[in-house]
Every structure is written in structure tokens, then in C-alpha cells.
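Thanks for coming. I will go through one model, beginning with a helix and what surrounds it, then the metal site and the aromatic rings.

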Amino acid sequence: MTRKMWGLIPVLDCSQLLSLCATHCKPSVCPITTSAPRVDPPLHTMSDQAFVTLATNDRYAKGAMVLGQSLLNHNTTRKLVALVGPHVAEPCRDALRSIFDEVQVVDVMDSGDTAHLSLMKRPDLGVTFTKLHCWSLTHYSKCVFMDADTLVLSNIDELFEREELSAAPDPGWPDCFNSGVFVFRPSNETHEKLLAFCRENGSFDGGDQGVLNSFFNTWAMADISKHLPFIYNLSSIAIYSYLPAFKEYGRDAKVVHFLGKVKPWNYSYDAQTGEVKGHSLSPDQCHLHPDYLLMWWQLYAKSVQPLMQQAYGEAPFLSGFVDTSTDGELHEDLRENQAPVAPPPQKVSSEVRKQRWEAGQIDYMGDDSFDNIARKLDSFLK
Ligand SMILES: [Mn+2]
């Protein structure tokens, strides 16, 4: 039977899969409660604890704003801190300031200390060093770092009950933690040690996740309380690699992480129709769940875009909205996506697919996706 199946499994492209998923596995998260952008100073009660994020350019700054606003919408009682790289434009920093309690510029080149020295020796790890700067926020006793490509779906202040270094497993190698969401204790000593470690050992994956996993190398085995449940860092890639689990547990998700090359801000949004545009641009990379993608854009449209408009005034900026004057053509922001748009995957024969399957090269996102196989099995059982 397995042999027979090979020629019969229907071949769907990614956009077809996404449309199937949109109807079959709704994340069933709470409806979005977007509020007007905050104007008054926040009434935080825990002033020595903070959520921290990082934006190295204007696009990530948009992500940071959506993340910050999502934390506010779910009534966090902690401070909000945005670290920004030197390339983030001034109006973007202004818009960030209306959401975050603190917007701090981190320029590793200017720091004139161990960090600068480290960067001179390992220029390839520039962004990594910038992220490690979160340990220097010593006016806080404990922090939760969150990537700018994450989105909060409910209050997650309970994370502050955890200790350094707490994080959720990475879907690709679950004995490593994913560094998109982690609990840490700012400390100059740890900061220096991390930089020295990074300088001497580099990063096995070229980024901060490799460095942090090598540094906090007892995470996998030592203390289960430092393992955050996966629902605190649900990466979009995991949704499609284990769809039944997503159908069972997805509704409990508290944080979505838009992992991968294509980010929500690489799409565009039609404010008139409330639709996200641009799914078809990169068929092999569109692993973002359409419902979460839509939530991101709704929050952006309601609370972030007005702040950007205010900050930029008459000056033009990349809003990400579809320009209706060009009849639905995608906005430039989408086309300038840094990730090169790969050609659509070539159709391969059943025989080749079978060989790949047997060699362990399973195309979980495409031809061998759960939906395709389930549909084939269903057709046998009918
Ligand atoms: Mn990320």
C-alpha cells in the first residue's frame, strides 16, 4: 500500500496548503483586543523587571512596536524596554518611545570596551553582540527577552517567576533552547563572560542562539523548571511539522514566533478589505500561519501605523499598506524583502520522492506534509 501511495499523494503548493490550514486548524486564540495607542505614562507596578526586545533596523522596529503593543493590550505590569541599533531612524525611535518605557541605543562600535574589542575580532557576530547587550540592563533585577518577530496572545507576566536561563525548546533541535524568548538576570559579570566566551568560541550557528546554548550548556538536562512550555514560543515552522499537535494544543499558545526568513512586515496589508497580501511571493518560505499573520497586521494597522504616521508627519515612510492608487500593487516594502525570492520548487517524480523519503529527506512543508498524507490515507479508508 505504501508503494501505491507514492504516485497518488496529491501535490499541493504552499499557498494551497495554507488555505487548507486556514480552514482546518484555526488557532482559536482570544479575539484581538486592540486599544488606542497609549498616551499616558504606564502604571507598572514591578518597576525592576522588564520585557526587553531589540530592533536593528526600521523593519524590525515595526515588529518591536507590534510586540510592545501586544504586551500592553494584555495588561503587563512590567516595564517595556527596546534596544535599538544605530541604524534605526529617529521617527521610528519616537514611535517606539510612545509604546516602550525605555528606548536605548546600543552601538557596539561606540562602546569602547570588551564588546568593541570582541566585534573587532569577530565582525561576523555583530548582531549577536548587540543582542547580548541586554545583560547590561542592570537597573532591572530580572528580564524577559523577546525577539521583535514575536507576538503576545495573552498575559505572560508569570514568566518572571522563572530563573535565568529559562527558555522553550527549539523545534529544530529540542535539546537546544530557542533564543527568541528567554528569562535572564542582567549582570555586568555575565555580560563580560558572554562576550569573552563569544570571542573565544564563536557561535556554532553563527547567531546568538548558538552562543547562548553553548554558554548555558546545562539547560537540556539540569533543571526542568528552566524549560518553558512550547506555548511561550510557538514557532510558525512547528505548526506545519506537527499539525496534529497544533490542532490539539494550538489554542493554548501564548506567544507566537514568526521564525524564518520571511517576516510579517515583508507582507503588505489592504486596510480597506482587511486582507494580508503577498502570500504567493515566496512559495517555499511561507510558513507563517495566516491567522497569526492577520492578527499581527490588524494590531499594526490599529495601533502602530498611527504612531508611525504621527512620528513621520509629512515625510514618506514604508507603512506596509497596499497603495490603493496603484490598484492593489504590492508596496515597495514587500518587494525589498532582503531574502531573495526563491523560484517555486520543481515538481519531482514519485520515484524520486520515494527515494528521498527513504533517505530521510522528507519534505514536511511540501509534498510530504501531514495534510497531503492524511488526505491520501482518507481516500484509502473511504
Ligand atoms: Mn526571531
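The cover over the buried residues of helix H8 includes helix H6 (126–132), strand E7 (177–184) and helix H7 (188–201). Contact here means heavy atoms within 4.5 Å; helices (H or I, at least four residues) and strands (E, at least two) are DSSP runs, numbered from the N terminus. Buried means under 20% relative accessible area, with a 1.4 Å probe and protein chains only. H8 spans residues 208–215, and six of its eight residues are buried, so the helix is largely enclosed by the rest of the structure.

On provenance: this is a predicted model, where local features need pLDDT of at least 70, side-chain atom pairs count only at pLDDT 80 or more, and totals for chains, interfaces and linings use all residues. Residues are numbered from 1 along each chain as its sequence is written, and side-chain values use heavy atoms, leaving out hydrogens and water.

Next, the manganese ion. Its protein donors are Asp147 (OD), Asp149 (OD), Asp149 (OD) and His257 (NE2), at 2.3 to 2.4 Å. Donors are N, O and S atoms within 2.8 Å of the metal (3.2 Å for Na, K and Ca); water is not among the atoms, so sites may look incomplete. Asp147 is buried at 17% relative accessible area, and His257 is buried at 1%.

Last, the rings. The whole structure has 19 aromatic pairs. Phe182 and Phe184 have ring centres 5.5 Å apart and planes at 55 degrees, so this pair is tilted. Rings of Phe, Tyr and Trp (its six-membered ring) pair if their centres lie within 6.5 Å; planes under 30 degrees apart are stacked, over 60 edge-to-face, the rest tilted.

Technical notes:
Buried means under 20% relative accessible area, exposed over 50%, partly exposed in between (1.4 Å probe, protein chains only).
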